[in-house]
Amino acid sequence: MSGATAPAPSGAALKSRVVYSAAHVVADPLADNGPGRPAALDWDATLAFRRHLWTHGLGVAEAMDTAQRGMGLDWAATQELIRRSAAEAASAGGLIACGAGTDQLTGPSTLDGVIAAYEEQLAVVDAAGAVPILMCSRALAATASGPDDYVRVYDRLLSQVSRPVILHWLGPMFDPALTGYWGDADLSAAAETMLAVIAAHTSKVDGVKISLLDADREIAFRRRLPESVRCYTGDDFNYPQLIEGDEVGFSHALLGIFDPLAAHASAAVARLDAGDAKGFREILDPTVDLARHTFAAPTFNYKTGVVFLAWLAGHQDAFRMVGGLENARDVRYLAKLFVLADEAGLYPDPDAAAEKMRALLTVAGVAR
């Protein structure tokens with residue numbers, strides 16, 4: 001083991017960047033959480049992890065793809081998650097934004113059906129008092145015939161929201177069902193449609209989460225945003241340079257990799273708050289190899305790595321996931337992740353993490 005450990009929480013609020021961690025959920029290890037089963041969560045551990053994120057000064061992006069939306073977390077469990085997490089945020093004074101999508105739909109839909117599904121989920125988020133995140137919709141991607149259909153749906157939704165929302169653009173590497181989102185497989189053309197929607201509803205848009213794993217494309221996009229609209233990077237490969245920014249601007253953050261890297265993210269942004277960009281990079285740059293392996297292709301299975309790291313770090317008692325997704329990565333992937341996390345100083349207790357890894361390898365037949 002490297003002997004490096006994660007930074008301790010400072011308790012200070014972050015100032016120069018708005019930073020959200022998309023948070024995972026903790027499955028009940030004694031429940032039937034197999035593929036196709038209703039999700040059963042360990043609520044105590046799930047909410048304790050959110051308190052951990054707030055302790056480090058990060059916001060919680062709740063009920064996003066990191067929480068296995070569309071990959072094991074059903075709408076019934078999602079509603080309860082939004083309500084419980086928002087209540088916990090109010091009690092703790094923590095920042096929270098919650099995903100609203102259309103994943104309660106089953107089978108083919110219509111544009112009006114997509115709008116109604118979004119409205120149902122937005123009502124749940126609004127009642128909880130959280131900032132809404134308008135997630136990309138598989139149903140809309142399957143139903144829309146071109147950019148005009150996206151404009152119609154988002155115009156309808158943004159015209160009625162009660163508070164500014166965060167828009168969401170998740171690339172096909174995260175979800176192949178979202179190929180051609182915003183009405184065009186060409187990402188430059190798709191960006192034009194999204195920018196037109198934002199321009200028409202600037203006062204209703206807090207920011208845009210961009211998850212395309214393309215730093216140059218994100219920089220070009222954020223430079224065209226209205227001044228009042230934040231760009232939240234969702235690029236789990238290039239986040240240090242994007243958050244640091246350049247002479248023109250910078251990205252805020254809404255990242256799945258900040259679930260395991262909450263302590264590092266907090267300590268790094270605190271350096272930016274103090275005007276120490278070099279110190280910021282010294283903390284975050286060594287975590288990039290870990291992030292790139294966590295999100296290695298097929299990228300959408302990154303959730304398995306995130307939960308594995310939470311188990312190793314002591315945030316939950318079992319390496320189990322809703323939908324049985326703990327089986328989505330092989331033991332070689334997990335072994336490399338263990339080593340990279342150690343090198344990055346992820347573990348509060350390196351010896352306990354090593355003991356868990358040894359047990360997993362024994363069960364896998366790799367170690368004796």
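A: A disulfide here is a pair of cysteine sulfur atoms within 2.5 Å. Keep in mind that this is a predicted model.

Q: OK, how many disulfides by this rule?
A: The count comes to zero.

Q: Which cysteine sulfur is nearest to that of cysteine 98?
A: That of cysteine 136, and it is 17 Å away. Cysteine 98 is in no disulfide.

Q: Is cysteine 98 buried or exposed?
A: Cysteine 98 is buried, and its relative accessible area is 0%.

Q: And what is the nearest cysteine sulfur to cysteine 136?
A: The sulfur of cysteine 231, 14 Å away. Cysteine 136 is in no disulfide either.

Q: Buried or exposed, cysteine 136?
A: Its relative accessibility is 11%. Buried means under 20%, so cysteine 136 counts as buried.

Q: New topic. How much space lies in the largest pocket?
A: About 390 Å³.

Q: Which residues are closest to its centre?
A: Arg69, Gly70, Asp103, Arg138 and Asp175. They belong to a lining of 22 residues.

Q: Which elements give two or more residues to that lining?
A: Helix 4, residues 138-143, and strand 5, residues 165-170. Helix 4 gives the most, with three residues.

Q: What classes of residue make up the lining of the largest pocket?
A: Eleven are nonpolar, five are polar and six are charged.

Q: What about the second largest pocket, how much space is there?
A: About 250 Å³. Its lining has 13 residues. Closest to the centre of this pocket are Arg222, Val229, Cys231, Gly249 and Phe250.

Q: How do the residues of that lining divide by class?
A: The second largest pocket is lined by six nonpolar, three polar and four charged residues.

Q: Let's go to the core. Which residues have the most contacts inside the largest nonpolar core?
A: Tyr181 and Phe258. That core has 113 residues.

Q: What is tyrosine 181 in contact with?
A: Leave aside its neighbours within four places in sequence. Then the list includes Tyr118, Tyr150 and Tyr154. Met135, Cys136, Ser137, Leu140 and Ala141 are also among the contacts of tyrosine 181.

Q: Which residues does the second, separate core include?
A: Among them are Tyr20, Ala61, Met64 and Tyr232. This second core has eleven residues.

Q: Why do cores like these turn up at all?
A: In soluble globular proteins, nonpolar side chains tend to be buried together.

Methods: Residues numbered from 1 in each chain as written. Predicted model: local features only at pLDDT ≥ 70, side-chain atom pairs only at ≥ 80, totals over all residues. Heavy atoms only, no water. 1 Å grid on protein atoms, 1.4 Å probe; cavity = no way out; pocket = protein on both sides within 12 Å on 5 of 7 lines; lining within 4 Å. Points joined across faces, edges and corners; volume = space filled by probe spheres on them. Helix = DSSP H or I, 4+ residues; strand = E, 2+ residues; numbered from the N terminus. Nonpolar A, V, L, I, M, F, W, Y, C, P; charged D, E, K, R; others polar. Core = buried A, V, L, I, M, F, W, Y, C linked by side-chain atoms within 4.5 Å. Buried < 20%, exposed > 50% of the residue type's maximum accessible area, 1.4 Å probe, protein only. Contact = heavy atoms within 4.5 Å.
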